[in-house]
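The tour goes stop by stop, each with something to select.

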Amino acid sequence: MASPRFWSFAAENEGNNSNQNPGTPRAWCQAAQKFTGGIGSKLCALLSSGESEKAANLAAKQEGSTLETCGCKELCTCSKNNIDFSVLYSTDLLPASDGDTATMAFLQEVMDILLSYIVNTFDRSTKVIDFHYPNELLQANNWELTDEPETLDDILLNCRSTMKYAIKTGHPRYFNQLSTGLDMVGLAADWLTSTANTNMFTYEIAPVFVLMEYVTLKKMREMIGWPDGSGDGIFSPGGAISNMYAMLVARYKMFPEVKEKGMSAVPRLVAFTSEHSHFSIKKGAAALGIGTDSVILVKVDERGKMIPSDLERRIIEAKQKGYVPFFVSATAGTTVYGAFDPLIAIADVCKKHKVWMHVDGAWGGGLLMSRKHRWKLNGVERANSVTWNPHKMMSVPLQCSALLVREEGLMQNCNQMHACYLFQQDKHYDLSYDTGDKALQCGRHVDIFKLWLMWKAKGTIGFEAQIDKCLELSEYLYNKIKNREGYEMVFNEKPQHTNVCFWYLPPSLRYVEDKEERLRRLSKVAPVIKTRMMEYGTTMVSYQPQGDKVNFFRMVISNPAAAFEDIDFLIEEIERLGQDL
């Protein structure tokens, strides 16, 4: 069982006193008191009031708000005058010479909006989504850009409107995609990163962040199992780009001349991945000029795992046709079924045929943090490269994806362009810390600070508890519905990851004997229930078809705020919304 200190928003017992839950308004009031400029007291007033008072307060804010502040050079609690945002513009904020007061007041108002949003995110009585169709949303709000500037009052209204319609991806009942949760330390790191507003391409302008990336990537390589954390890596905009990086480096390793001479200088290359792998493997092949027809799909078993014998058969067939196999992408946590390919057997095939082995662990890589579940990635240490997305199972705020490479220096040789105006060779520090020349990008966002700071705050044991809890919740859901009337599992046996795939059969469908008619009607059930979920705003869960299987629900759990009561709610909500279908 996870340690309570890591689970402030995931009470395991529905009978817990709400006043003792760190996610309750009282606890938020205590935390909010630490903020300057009166935000704490305003937020507490908002939380302590009844629903009518809350609505009145919000309405008042829509009309414009004032904040007592002063003209001091630093934040303080003294009062001098009221700020009227209806007569102020962006030009009145810093770097205007006298913009201190207006800037502090404006940012405190923004902070008030953000803190209110955070409180609502963890309030189960609030909607996950305030859904409107695109044309309704376009008509109800003025999203058009204007030639003339708008007042700061208008800008604050825009901020409130934006957050009003934003999906609460940190809500305990948001299960729609693989990236969920709202971590407070990660959020704080994101705010600090945006304030620093620097670039990751040189140590010169991002010294601390570059060092954080260096130590974190090394730690991640150690967890993969590479000796002493040796190798290389980089943070990229997402798993799709990380996978493309892997394919790029694998091609360069086999045919370094492709960098200068292009694809015309190399034979027909082919890559291999499973039928259930992420679409980014084909997209990467398209972007790199290899072509989607050169990505050969390997058969999977009934659980969605790649079949190693079929992989070897297809590699041999490709060689017989004169093609050159250069890249195999195994998946650790497939998107739909959450399957883990048998990495040891795949590594044996890759070694035998001298093919680069990549592991797409964008979804399942986080299980390396768990002593209980990391066995599912046994063999990952034999990979040449690994994709690992901390913004998924580890709930690091988007975006945070790492590509880890076993061979040091390969990324640099593959991608460097020796731009002397940026990567001067006569700098006064160790040039190996200038990471920009091994990236495809020039400008690169600081993604590392969120992960690094969260790791500091939680420790590895904290991430482990968080991940184990999510897997425990998925097992709870599976056990609850596997024999429940009206549910059918897409595949039998306990899921390997937090993906629980199932059909809900309304009463009218449970005794339909005509197979074709049953499938035709069943394919429409999940989309209708999902539509109703969004219109009511109560919860969100994904659905999709897979091969010959018609639309089914794919429940995924990666949100630390989720609790057993939220799983129970989801089941009851599906039944409520689908009872009449």
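Which residues in H4 meet which residues in H7? The model you are looking at is a predicted one. Select helix H4, residues 100-121, and helix H7, residues 184-196. On the H4 side, show Met111, Leu114 and Ile118; in H7 they meet Met184, Leu187 and Trp191. By class, this contact has 6 nonpolar residues, no polar ones and no charged ones.

Stay with this pair and look at the angle. Two packed helices are described by the angle between their axes and the distance between the axes. The axes of H4 and H7 come within 13 Å and cross at roughly 160 degrees. Angles over 145 degrees count as roughly antiparallel, and H4 and H7 are therefore roughly antiparallel to each other. The crossing of H4 past H7 is right-handed.

Next, select Asp130 and Lys164. Their side chains meet in a salt bridge, at 2.9 Å from N to O. Asp130 is in the loop between H4 and helix H5 (134-140), while Lys164 is in helix H6 (residues 152-165), so the pair ties together parts that are 34 residues apart in sequence. The structure holds 30 salt bridges.

Now move to the sheet. In what order do its strands lie? The order is E3-E13-E14-E12-E11, an open sheet of 5 strands with mixed pairing. Colour E3 (174-175) and E11 (487-489): these are the edge strands, and each pairs on one side only. Then select E13, residues 540-546, and E14, residues 549-555, which pair in the antiparallel sense over 4 bridges.

Helix H15 (residues 448-481) touches E11, E12 (500-504) and E14, and its direction makes about 30 degrees with that of E12. Helix H17 (residues 564-578) touches E3, E11, E12, E13 and E14, and its direction makes about 25 degrees with that of E12.

How do H16 and H17 cross? Their axes come within 9 Å and cross at roughly 105 degrees, which makes H16 roughly perpendicular to H17. Show Ile529, Arg532, Met533 and Tyr536 of H16, then Leu570, Ile574, Arg576, Leu577 and Gly578 of H17; these residues make the contact. By class, the contact of H16 with H17 has 6 nonpolar, 1 polar and 2 charged residues.

How values were computed
Residues are numbered from 1 along each chain as its sequence is written. This is a predicted model: local features need pLDDT of at least 70, side-chain atom pairs count only at pLDDT 80 or more; totals for chains, interfaces and linings use all residues. Side-chain values use heavy atoms; hydrogens and water are left out. Two strands pair if DSSP finds at least two bridges between them. Helices (H or I, at least four residues) and strands (E, at least two) are DSSP runs, numbered from the N terminus. Contact means heavy atoms within 4.5 Å. Axes are lines fitted to C-alpha atoms, for helices over the stretch in contact, and angles run from 0 to 180 degrees between N-to-C directions. Angles under 35 degrees count as roughly parallel, over 145 as roughly antiparallel, 65 to 115 as roughly perpendicular and the rest as oblique. A crossing is left-handed if the near helix is turned anticlockwise from the far one by less than a right angle, and right-handed if clockwise. Ala, Val, Leu, Ile, Met, Phe, Trp, Tyr, Cys and Pro count as nonpolar, Asp, Glu, Lys and Arg as charged, and the others, Gly among them, as polar. A salt bridge is a side-chain nitrogen of Lys or Arg within 4 Å of a carboxyl oxygen of Asp or Glu.
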